[in-house]
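Work through the exercises below with the sequence and the model in view. Each task is followed by its solution in steps.

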Amino acid sequence: LKITEGKVSYKSPSNIALVKYWGKKENQLPQNPSISFTLDACATTTQVFYNKLPKPSDDFSFELWFEGKTKDDFKPKIKTFLSRIESYLPFLKEYHFKIETSNSFPHSSGIASSASGMSALALCLVAIERQLNPDISDSFFLKKASFLSRLGSGSACRSIEGDIVQWGNHKNTKGSTDLYGIKYPYEVHDNFKNYYDTILLVDKGQKQVSSTVGHNLMHDHPFAVQRFSQAHDNLDKLITIFKNGDLKEFIKIVESEALTLHAMMMTSMPYFILMKPNTLEIINKIWEFREVSKTNVCFTLDAGANVHVLYPENEKDVVFQFIKDELIAYCENQQYICDRIGFGAKK
Ligand code: PMV
């Protein structure tokens, strides 16, 4: 029985790195291991309709719809992705695909949608493969989806599962690999269950530096060797911290990683400053509040000006009140997104 048409759908979340991936080798392999909290609210939902072509085409045959409208400017990115994964999904040129996608977060919020978007599409394509060949096991399915997501956008490979995902070879993490993300395999203290992340949208503009350009800046970077080895050390420390629940030590790693990411951009050639004045205002407010309130609120950053405010569940009321009273004023149009740790992609 040859399946000629069908439909699959996945909702896949974004993730926020605690130890950052910044710098890659050939084939989207990372220069250092990274680890992230999978998010919950920030997600992309993608549906793919597939129809068998009368004969295999020379090029990929697909149309792209984003929130109800055709989106031709995303097509080159998708085409590059499909050509990278073609050898792993040999049916790609035998079908026409209608890809419909939407994000849970506002357009042009400055929130990177590549992790959620690429992982949702990768999941749909592996789900189609599974409809064509139902022998694929669940664990192989998840690994393959993460492996293919990585070829779309490196960090996307950390969005398939939850709640903590590690990607990249690290000698002290069993099962870790550069090829795909794995669920963090060791004990995690209750302090880290249901962690909160409120994302402050400081600057909703286009990203000043694409992550491709950013990763490439690590190639001739004067501090690259030290940085990559620091990521390994920070992962070692996190293993102990996740086990014993030491939030003070957790904060040191997470904030230092965020500032190091930005330090790498400031010290590359060409150099960039991606923080905005309000990014620094927010960081200073968080530090002051942490001191006086004796809470464990901290920040992390992506490759942009927005601030992720992280805090444990048992401090959520007091910290969220502080965010509303003191931090929202620094956001563009007062916009922010309430998110928390999530458990990975869903059908
Ligand atoms: O997945 P990419 O290529 O867009 O890189 C993302 C890099 C950071 O978000 C800055 C860090 C990370 O580990 O997610």
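Domain bounds here come from an automatic or database domain assignment. The model is predicted: local features need pLDDT of at least 70, side-chain atom pairs count only at pLDDT 80 or more, and totals for chains, interfaces and linings use all residues. Residues are numbered from 1 along each chain as its sequence is written.

**Exercise 1. Find the domains and describe where they touch.**

Step 1. Count contacts, where two residues are in contact if their C-beta atoms, placed from the backbone, lie within 7 Å. By this rule, 26 residues of domain 1 meet 33 residues of domain 2.

Step 2. Look for strands on the domain 1 side. Helices (H or I, at least four residues) and strands (E, at least two) are DSSP runs, numbered from the N terminus. Strand E1 (5–19) and strand E2 (34–52) each supply at least two residues of the side that touches domain 2. E2 gives the most, with seven residues.

Step 3. Sort that side of domain 1 by class: 13 residues are nonpolar, ten polar and three charged. Ala, Val, Leu, Ile, Met, Phe, Trp, Tyr, Cys and Pro count as nonpolar, Asp, Glu, Lys and Arg as charged, and the others, Gly among them, as polar.

**Exercise 2. Describe the shell around the ligand.**

Step 1. A residue is near a molecule if its C-beta atom, placed from the backbone, lies within 6 Å of it. The ligand is surrounded by 13 residues, and the closest are Ala17, Tyr21, Gly154, Ser155 and Ser211.

Step 2. Five residues of the shell are nonpolar, six polar and two charged.

Step 3. Domain 1 (5–183) and domain 2 (197–340) each contribute at least three residues to the shell.

**Exercise 3. In what order do the four strands of the open sheet lie?**

Step 1. Two strands pair if DSSP finds at least two bridges between them. The order is E9-E10-E8-E11, with antiparallel pairing.

Step 2. Strand E9 (298–301) and strand E11 (336–340) are the edge strands, each pairing on one side only.

Step 3. From one strand to the next, the twist averages 25 degrees. Axes are lines fitted to C-alpha atoms, for helices over the stretch in contact, and angles run from 0 to 180 degrees between N-to-C directions.

Step 4. E9 and strand E10 (residues 307–311) share four bridges in the antiparallel sense. Within this pair, Cys298 stands opposite Leu310 in E10.

Step 5. Helix H6 (residues 247–266) packs on the sheet and touches E9 and E10, at about 30 degrees to the direction of E9.

**Exercise 4. Is Lys294 buried or exposed?**

Step 1. A residue is buried if 20 or more other C-beta atoms lie within 10 Å of its own, exposed if 12 or fewer, and partly exposed in between; C-beta atoms are placed from the backbone.

Step 2. Lys294 counts as exposed because it has 9 C-beta neighbours inside 10 Å.
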